[in-house]
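This briefing goes with the sequence and the model shown here. Please keep both in view while reading.

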Amino acid sequence: VKAKDSGLNGGMSEQEKPSVILAILAAVTLSSICSIGPEILSRYFFYLSDEYLKCEKAYNRLDKDIERRKSEMLYQTDLKRRKKEDKVIEQLTKEMDENARALQAFKMKAGFIGTMFLFFGYWVFSKNYRGLILSTLPFQVPIILRMFTHRGLPGEDYSQISVSFVFFITTMVLRRMVERNYGTPLPKSLKERTSFSNQMKEMERKASKAE
């Protein structure tokens, strides 16, 4: 109740300041573990495994072979040769798609580990710092964000921000930084194929063919 009153007043007692500072330090530390930990485990158990490296090598080989054959097809005037090459490219594409699905399965496993780390860290932090108010805003937080900003706080004063929100924001930022700097070690062409824009183009192409 004391923490709630101080939050409503927009201030913080001298006794509460060390608790909040400690909570912020704990949030940064725990979010660092939840962001970097899954990346280390994923690389050790998945992306550096013999099975993954074998699939990656096969995918890159098939991708280069298909691109080479498609380039040669541009200058091929013999229709029989073109049809033969089309069948070969189609078969190679099927093999490449199989390797792509195997590589995506590794990515899904790595993503599952990251999600488990995030939920566990958020649960641990919320449990230990439940009810601790970080700040009070001069407005009510939008409904869609309240599950993050007001988590662990009593009452329905949604202008109050819990320290759990620090953990959530810090984790999102750190995970984005780790992903941008290290990234998922999938082949570049596979990343391009599975990007949202390319998937939309592929859907449009299939829809036009169906018509």
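Predicted model: local features only at pLDDT ≥ 70, side-chain atom pairs only at ≥ 80, totals over all residues.

Residues are numbered from 1 along each chain as its sequence is written, and side-chain values use heavy atoms, with hydrogens and water left out. The chain has eight helices and two strands, where helices (H or I, at least four residues) and strands (E, at least two) are DSSP runs numbered from the N terminus.

**Overall make-up**

- Read from the N terminus, the order of elements is α-α-α-α-β-α-β-α-α-α.
- The chain has 211 residues, and 33% of them are buried.
- Buried stands for under 20% relative accessible area and exposed for over 50%, with partly exposed in between (1.4 Å probe, protein chains only).

**Packing around helix α4**

- Helix α4 covers residues 79-128, helix α3 covers residues 50-73, and helix α6 covers residues 164-181.
- The axes of α3 and α4 are 9 Å apart, and the two helices pack at an angle of about 155 degrees.
- Axes here are lines fitted to C-alpha atoms, for helices over the stretch in contact, and angles run from 0 to 180 degrees between N-to-C directions.
- The pair α3 and α4 is therefore roughly antiparallel; angles over 145 degrees get that label, while those under 35 count as roughly parallel, 65 to 115 as roughly perpendicular and the rest as oblique.
- Helix α4 also meets α6, with axes that come within 9 Å and cross at roughly 155 degrees.
- Because of that angle, α4 is roughly antiparallel to α6.
- The crossing of α3 and α4 is left-handed, whereas that of α4 and α6 is right-handed.
- Left-handed applies if the near helix is turned anticlockwise from the far one by less than a right angle, and right-handed if clockwise.

**Salt bridges**

- Side chains of opposite charge can pair when their charged atoms come close.
- A salt bridge is counted when a side-chain nitrogen of Lys or Arg is within 4 Å of a carboxyl oxygen of Asp or Glu, and the count comes to five.
- In one of them, Glu-39 and Arg-43 meet at 2.8 Å, N to O.
- Glu-39 and Arg-43 are separated by about one helical turn because they are four residues apart in helix α2 (residues 16-47).
- Arg-43 has a relative accessible area of 24%, so this residue is partly exposed.
- In helix α3, Arg-69 and Asp-65 are four residues apart, about one turn of the helix, and their side chains form a salt bridge at 3.3 Å, N to O.
- Both Arg-69 and Asp-65 are buried.
- Glu-72 and Arg-68 form another salt bridge, at 3.1 Å, N to O.
- Since Glu-72 and Arg-68 are four residues apart in helix α3, about one helical turn separates them.
- Glu-72 is partly exposed at a relative accessible area of 43%, and Arg-68 is partly exposed at 40%.
- Salt bridges that share partners join Asp-65, Arg-68, Arg-69, Glu-72 and Glu-85 into one network.

- Val-88 lies in helix α4 and is partly exposed, with 28% relative accessible area.
- Val-88 and Ile-66 are 22 residues apart along the chain, and 8.9 Å separates their C-alpha atoms.
- Glu-95 is placed in helix α4 and is partly exposed, at 31%.
- Between Glu-95 and Tyr-59, 36 residues apart along the chain, the C-alpha separation is 8.3 Å.
- Arg-101 is in helix α4 and counts as exposed because its relative accessibility is 55%.
- Arg-101 is 46 residues from Cys-55 in sequence and 9.7 Å from Cys-55 in space, C-alpha to C-alpha.

**Nonpolar surface patch**

- Phe-112, Met-116 and Phe-119 make a nonpolar surface patch of about 350 Å².
- A patch is made of residues with over 30% relative accessible area and no salt bridge, with like charges joined within 9 Å and nonpolar side chains (Val, Leu, Ile, Met, Phe, Trp, Tyr) within 5 Å.
- Accessible areas come from the Shrake-Rupley method with a 1.4 Å probe, and for residues only the protein chains shown count as cover.
- Phe-119 lies in helix α4 and, with 56% relative accessibility, counts as exposed.
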